[in-house]
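Student: Could we go through this structure together, one question at a time?
Tutor: Gladly! Have a look at it here, and then ask away.

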Amino acid sequence: MGYTGTYLHDQMPNLLEHELSEVWSASSLRSLVDMKKSQVLTHNSECSECDMFTICGAGCRAYALTESGSLLAKDPFACEVWKGCYRKQFDDIVAGCHQKGGIDPCKK
Ligand code: SF4
């Protein structure tokens, strides 16, 4: 997980200053580590009904917290990517491959 540029970044313990075992057992962010996707789904009806959830997973927890104040919220940036431009680009690639007669992974 990358938290750079998010609210969580400043709260992450520095492993150069603390033992991993100490951080693992005492971190205030333990709830983040233990969080299950099912909890996020229960909290977000939009995600629970979304056909992109298996690949998106409601996005990054750090961005969800930064943008909404809740670790259980959806990540608005991931949502925009998966529902928006990524989906369209993927559909365009597939359509282009079908027009060319299929996908040949060895062809450049
Ligand atoms: S694309 Fe949006 S609605 Fe769908 S799972 Fe991701 S965050 Fe949730």
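Student: How many helices and strands does the secondary structure of the chain come to?
Tutor: Keep in mind that this is a predicted model. From the N terminus on, the elements run α-α-α-α-α-α-α. The secondary structure therefore comes to zero strands and seven helices.

Student: What percentage of the residues of the chain count as buried?
Tutor: A residue is buried here if 20 or more other C-beta atoms lie within 10 Å of its own. The chain has 108 residues, and the share of them that passes is 14%.

Student: Which elements do the buried residues of H6 pack against?
Tutor: Helix H6 spans residues 61-68, and its buried residues are Arg 61, Ala 62, Tyr 63, Ala 64 and Leu 65. After H6 comes Gly 69, with a positive phi near 85°. The partners of the buried H6 residues are helix H2 (30-34) and H7.

Student: Which element gives the largest share of the shell around the ligand?
Tutor: The ligand is surrounded by 14 residues, the closest being Cys 47, Cys 50, Cys 56, Lys 74 and Cys 79. Two or more shell residues come from each of helix H4 (45-48), helix H5 (53-56) and helix H7 (76-99). The largest share, four residues, belongs to H7.

Student: And by class, how many residues of that shell are nonpolar?
Tutor: Cys counts as nonpolar in this scheme, and Lys as charged. The shell has four charged residues and one polar residue, and its nonpolar residues number nine.

Methods
Residues are numbered from 1 along each chain as its sequence is written. This is a predicted model: local features need pLDDT of at least 70, side-chain atom pairs count only at pLDDT 80 or more; totals for chains, interfaces and linings use all residues. A residue is near a molecule or strand if its C-beta atom, placed from the backbone, lies within 6 Å of it. A residue is buried if 20 or more other C-beta atoms lie within 10 Å of its own, exposed if 12 or fewer, and partly exposed in between; C-beta atoms are placed from the backbone. Two residues are in contact if their C-beta atoms, placed from the backbone, lie within 7 Å.
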